[in-house]
Amino acid sequence: MFNSFKNSIKLLYSVSKYSQKVAQPLRSRKQKSLRNSVQSFVDVKHVRVIAGNGGDGCISFLSLWSNENAGPDGGDGGNGGHVILESAHDIKDLNLVPSIIKAEPGENGANRDCHGKNAQNFKVPVPVGTIIKNDKGIVVGDLSEPGLMFVAARGGAGGKGNHFFISDTEQAPKICEYGAKGEDLEYTVEIRSMAHMGLIGLPNAGKSTLLRAISRARPKVAPYPFTTLKPHLGMVQYDDYEQIAIADLPGLIPDSHKNKGLGIQFLKHAERCMGLLYILDMSLPEPWKTLNMLKFELSQFNDKLNLRPQIIIANKMDLEDSEENLEILKEHTTELIIPISAKVGTNLEELLIRIRIIYDKNNVGESIK
Ligand SMILES: Nc1nc2c(ncn2[C@@H]2O[C@H](COP(=O)(O)OP(=O)(O)OP(=O)(O)O)[C@@H](O)[C@H]2O)c(=O)[nH]1
Ligand SMILES: [Mg+2]
């Protein structure tokens, strides 16, 4: 009796202990690839989809040793393959989506009532949260959950063979059908949400250095502005197998919302992130002004952006003056500030735990929304 009571107390204790546990980030120790080609993140792609044509029907007449005119025996053609876009949890960008996607045609029919084989549908995996627009810019598909499919081009139906055309008046038809043509269409495929967290900062703030430090991504790092021209994506792994996608976005400058610098295109990327990580270079004076400027640019572009969950990252804490600037920044804002050094690797653990807490709170679960 006493033992079972003791056990249930133990169980309760462990449940309460582990339910409050925040998953720990796993920093990869494996060496990064030495290949020079670094893939950037592809979030929009124009594609042409060509479905397979149907196979042609067959005209044939059966002739047996005891029955010379045994009747028509032409088989039907097989159906052409569809082109299907399917959302998958393990695909993160449109890098692997070809610009021309072609499905196989169906096989032609043959004699002895042999029907042609139907072609396989051509399935292209796309990330969850992909939207598909037709050539007029109208959204025709929204793959918001894993496993959803969009039939982008329908394959042609197979043509009928001559046995199909037998009627009371015509016992030996010499006609059959051609297979129907498969659809040939164009779409713009776009990822609505690119990452869970987006890095926002001035050029040279250390966004790419931070992404390199916390993930296996390899965006270029250099001491001049606008090193990063296209977004890069890195995955942070946690010990409960959850992965959080973090996007390194090109730098913002004053008046970005008026299309200065690299402009509005990159503010659009920020719109597609669930949370924002403002990264400030603490070796420069008046960091709060930079922070206000970044927030202003985002609010001018979309006033709801500043309502998203956010963390302020004080980077380059290894440099002199940084401590002093951090104290000044703390006086100007009540928000949570995490001091780090992306280059040296100081305090990255705390940052990753904070990111995980935000991720869990917003309960994004399986799909990035
Ligand atoms: N001392 C020090 N230098 C850093 C730190 N983080 C980044 N840097 C340096 O800052 C410079 C710019 O870093 P990047 O990561 O390229 O900056 P970025 O924000 O990606 O810049 P853009 O791509 O141009 O927008 C590089 O020379 C880095 O080595 C840091 O924590 N400490
Ligand atoms: Mg960069």
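Here is a chat about a predicted model of a protein chain with a ligand.

Colleague: What kind of model is this, and how are things numbered?
Modeller: This is a predicted model, in which local features need pLDDT of at least 70 and side-chain atom pairs count only at pLDDT 80 or more, while totals for chains, interfaces and linings use all residues. Residues are numbered from 1 along each chain as its sequence is written, and chains are lettered from A and ligands numbered from 1 in the order in which they are written.

Colleague: How is the protein chain divided into domains?
Modeller: Domain 1 covers 44–191 and domain 2 covers 193–361, with bounds that come from an automatic or database domain assignment. Their centres, taken over C-alpha atoms, are separated by 47 Å.

Colleague: And how many residues of each are in contact?
Modeller: Four residues of domain 1 are in contact with four residues of domain 2, where contact is taken as C-beta atoms, placed from the backbone, within 7 Å. On the side of domain 1 that touches domain 2, one residue is nonpolar, one is polar and two are charged; Ala, Val, Leu, Ile, Met, Phe, Trp, Tyr, Cys and Pro count as nonpolar, Asp, Glu, Lys and Arg as charged, and the others, Gly among them, as polar.

Colleague: Switching to ligand 1, how many residues surround it?
Modeller: There are 24 residues around ligand 1, and the closest are Gly206, Ser208, Thr228, Gly251 and Lys343; a residue is near a molecule if its C-beta atom, placed from the backbone, lies within 6 Å of it. That shell holds ten nonpolar, ten polar and four charged residues.

Colleague: Which helix gives the most to that shell?
Modeller: Helix α2 (residues 207–214) does, with three residues; helices (H or I, at least four residues) and strands (E, at least two) are DSSP runs, numbered from the N terminus.

Colleague: Is α2 mostly covered or exposed?
Modeller: Mostly covered, as six of its eight residues are buried, namely Lys207, Ser208, Leu210, Leu211, Arg212 and Ile214. Buried stands for 20 or more other C-beta atoms, placed from the backbone, within 10 Å of the residue's own, exposed for 12 or fewer, and partly exposed for values in between.

Colleague: Which sheet does α2 sit against?
Modeller: The sheet in question is open, with seven strands in the order β1-β13-β14-β12-β15-β16-β17 and mixed pairing, where two strands pair if DSSP finds at least two bridges between them. Its edge strands are β1 (25–26) and β17 (337–339), each pairing on one side only. α2 packs on this sheet, touching β12, β13, β14, β15 and β16, and its direction makes about 155° with that of β14; axes are lines fitted to C-alpha atoms, for helices over the stretch in contact, and angles run from 0 to 180 degrees between N-to-C directions.

Colleague: Why is Asp248 counted as buried?
Modeller: Asp248 is buried because 28 other C-beta atoms lie within 10 Å. Asp248 lies in strand β14 (residues 243–248), and, leaving aside neighbours within four places in sequence, its contacts include Lys207, Ser208 and Leu211.

Colleague: What about the other sheet, what order do its strands take?
Modeller: Five strands form that open sheet in the order β6-β2-β11-β8-β9, with mixed pairing, and the twist averages 25° from one strand to the next. Strands β8 (residues 130–134) and β9 (residues 139–143) run antiparallel and are joined by four bridges. In their hairpin, which has four residues between the strands, Gly137 takes a positive phi near 85°.

Notes. Two residues are in contact if their C-beta atoms, placed from the backbone, lie within 7 Å.
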